Amino acid sequence: MRTILLGLLWAYMCLISMDAMSLIGPRTGVETREIDGDKVEPAVVGGSMLLKRVRRGWMWNQFFLQEEFTGTENQYIGKLQSDKDRLDGTVKYVLSGEGAGGIFVIDENNGDLHATRRLDREEKASYILKATVVDRRTGSKLEPETDFIIKLHDINDNEPQFTKEVYTGSVPERSDIGTSVMQVTATDADDSMYGNSAKLVYSISQGHPYFSVDPNTGVIRTALGPGDMDREQREHYQVVIEAKDMAGQRGGLTGTTIVNISLTDVNDNPPQFTQSIYQFSVLESSKSGSSVGRIRATDKDIGKNAEMYFTIVSGDGMDVFDISTDRNTQEGVITVSKSLDYERKRSYTVEIQVQNAQTDPRFTLAGSKDVATVRIAVDDVDEPPTFDKASYVMEVKEDAAVGTAVGSVSASDPDAARHPVRYSIDRRTDMDRLFDVHAGNGSVILLRPVDREENAWHNISVIASEYNNHQQTSHVPVHIRLLDINDNAPTFATVYETFVCERTKAGQRIQTVSAVDADTPSSGHKFFFSLAPEDLRTYRSNFTVRDNGDNTAGILTRRASYSRLHQSVYLVPVVITDGDYPMQSSTGTLTVRVCTCDREGKMEVCNAEALASSAGLSTGALIAILLCVIILLMIVVLFTALKRQRKQEPLILSKEDVRDNVVSYNDEGGGEEDTQAFDIGALRHPDAAVAAAVALEESAKQRRDIMPTEALPYPVLRRGGGGLAAPPVLAASGRDNAEVRDFINQRVVENDCNPTAPPYDSLATYAYEGTGSVAESLSSLGSVSSEGEQDYHYLSDWGPRFRKLADMYGADDSDFC
């Protein structure tokens, strides 16, 4: 070390010499330079300028102070001195920076530096201050302000501190020596870079000989072998660890902590029965799954290591009893697995083994299982009778006579006393009282007639009870099957209703029918179809029945033409016969309606009943059909009324004596009242016309668009008898047709002079051709009184839409009677 320091000093002196030589040069003036912090002044040597190094003003850079000073006076730190100080009291030392004036003070006359109180390095390790020298008289700075550092020397005044006051750790029991448990850590606030104040050493002061601690790392390890670290003997340990500074030397400070260590369990102990022999008893009436008793085993381990299971390994009751483990209590629960019988076997012995559910291969030994003996006694109870079968199935024909034996049941008392048994029927299962049972021998007999088609099976329950103890009862189900006989005739499978077209062809199949039978013969159904013998004559000419041989039959037409007007509905009786013995038969009726069809054979028009029975018709279609029928009925009624009116005498006797009315509609006024035409029939009956004119005059209504402003220019002339008279202007008219002429003139005057009459541009013509015209009358009025008959059959050629009209107008009056 000394050699290194001398080398560094020699190098430093060389550098200073080189700097000094570099400053030699011609003198150009007097100046002062600073090299490496020292002042350099020029000097002349031999005619040349030479710089020489002079002593700098401040003689210090940093001071050292020991912490935790306990003296009564201020602690002396050092002295500040400047080369400007001539010791004549003209300079003044000034201190500033961290703690200046409080913690640190300076003597302004001589530069002595002191600390006023005790300092702690762990609170603050160093302080930076500034010092300068000023002239007392002028106050000017004689030296530039310079920084310096005061460092505190550390002393061993802090003891080690652990990160926790109490540590908790664990290690498995039976661990090997040196198994790591955990690590503890301590720290020291003293300076680790200065001396050994912060160098710690760990040791164990409590916990020997079970654990040890590494002095450098603080790792705690086991100190004993697997045989000594047994949780079942001791589970919890408290260890005290010390940490000492000064590398463990005498005089160092010590810190301590407590470590609680637990041994965790391993499966190193097998379960053991608390006793070697167990004894239990059970009633012979116990059901499967009933509990017999509980056996208990103990295990020193805990948790999953103490879980166990029990098994039956030998004995005469291995197939009679079972054992399971109660997971909450870890007990073995013995239960019954088969029915017991005191009269047959009164006791059982089994060997039960217990072992851990989970094993550790390191500690599994040959003696890790334990076995105990269990003896179970069966107690006798008074049992009810037992049937020799769990259920009975009996058969009887449905036509069997009352009192017929259906079958028998048998029960006996299982007890040693062998009490007699009495039989009865549970009437809740035979509400109709169809069956009964003999109380002594158990024979089941028929009480009432039965019908297989109503109910093919009857399920009853027979009760067996002891004579001397009616509380001891047992039930057995009895299923009675009724055997079928052929006592039902076959019938149609459904209600058949079809239609046939008016124009068809012979041999056309219009319907396929099938049959059903309530009976169920063993060989299957076989049906035969034919027309009813008494109706062969009636229906032979219309329809026939063809048996298909597969329990179906086809209904065929025997004609090529049917008339809906002549007969619209046919009822075809079909005889259906089964093939069983005794043979049964019935007659079913097929309804056939005659309908109008198109060329493809699709129904177009039919009566309401046929349409209503057709499959697929909706409610709307039925309503539409009903409306059409109502309209047709109204047409028929109207047509009948017209025919009756046609027979009455017309107003005009001669169809040639017809006056036509000509009414012009070339104006926009008046409305419908302008079309009031003259009834030409009044010309043929003047008396009636005159009476009508008088009534018209009395009840004439005013026009709604014109109010009368003046009266007629002259009154209407009347006859002496109250009839109408012609006006004077027209009095000298011709002699022929006087009545008609007078009537026309009267109307003309009324229309000319009446303000309520139609507008002036209305033309009403009252003329007629007279009698004997070669062209006869062209008026449509005569068509109403036509008496001629017309042939409407040509309407049938216009298509199916006009066929109905042809039937209506071409029919005779007798058709509607």
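## Side-chain contacts in a predicted model

Helix α4, which spans residues 619-646, contains Ile-623; helices (H or I, at least four residues) and strands (E, at least two) are DSSP runs numbered from the N terminus. The structure is a predicted model, in which local features need pLDDT of at least 70 and side-chain atom pairs count only at pLDDT 80 or more, while totals for chains, interfaces and linings use all residues. Residues are numbered from 1 along each chain as its sequence is written, and side-chain values use heavy atoms, with hydrogens and water left out.

Together with Leu-626, Leu-627, Ile-630 and Met-634, Ile-623 makes a nonpolar surface patch of about 500 Å². Patches consist of residues with over 30% relative accessible area and no salt bridge; like charges are joined within 9 Å, and nonpolar side chains (Val, Leu, Ile, Met, Phe, Trp, Tyr) within 5 Å. Accessible areas come from the Shrake-Rupley method with a 1.4 Å probe, and for residues only the protein chains shown count as cover.

### Salt bridges

A search of the whole structure finds 24 salt bridges, each being a side-chain nitrogen of Lys or Arg within 4 Å of a carboxyl oxygen of Asp or Glu.

| Salt bridge | N to O distance |
|---|---|
| Asp-112 and Lys-79 | 3.3 Å |
| Asp-135 and Arg-137 | 3.8 Å |
| Arg-427 and Asp-436 | 3.5 Å |

Asp-112 forms its salt bridge with Lys-79. This pair links distant parts of the chain, with Asp-112 in strand β8 (residues 112-115) and Lys-79 in strand β5 (residues 75-79), 33 residues apart. Burial is expressed as relative accessible area: buried means under 20%, exposed over 50%, and partly exposed in between (1.4 Å probe, protein chains only). Asp-112 has a relative accessibility of 17% and therefore counts as buried, whereas Lys-79, at 36%, counts as partly exposed.

In the pair of Asp-135 and Arg-137, Asp-135 is buried at 13% and Arg-137 is exposed at 70%. In the pair of Arg-427 and Asp-436, Arg-427 is partly exposed at 22%, and Asp-436 is partly exposed at 27%.

### Aromatic pairs and charges over rings

A pair of aromatic rings is described by the distance of the centres and the angle of the planes. The structure holds 12 aromatic pairs; rings of Phe, Tyr and Trp (its six-membered ring) pair if their centres lie within 6.5 Å, and planes under 30 degrees apart count as stacked, over 60 as edge-to-face and the rest as tilted. The rings of Tyr-210 and Tyr-237 have centres 4.9 Å apart and planes at 50°, so this pair is tilted. It links distant parts of the chain, 27 residues apart: Tyr-210 lies in the loop between β15 (201-206) and β16 (211-213), and Tyr-237 in strand β18 (residues 236-244). Tyr-210 is partly exposed at 23% relative accessible area, while Tyr-237 is buried at 6%. The rings of Phe-492 and Tyr-496 have centres 5.1 Å apart and planes at 80°, so that pair is edge-to-face. Phe-492 is buried at 12%, and Tyr-496 is buried at 10%. Ring pairs also link Tyr-210, Phe-211 and Tyr-237 into a cluster.

A charge sits over a ring if NZ of Lys or CZ of Arg is within 6 Å of the ring centre and within 35 degrees of the ring normal. Lys-124 lies over the face of Tyr-127, at 5.4 Å from the ring centre, and Lys-345 lies over the face of Tyr-348, at 5.2 Å from the ring centre.
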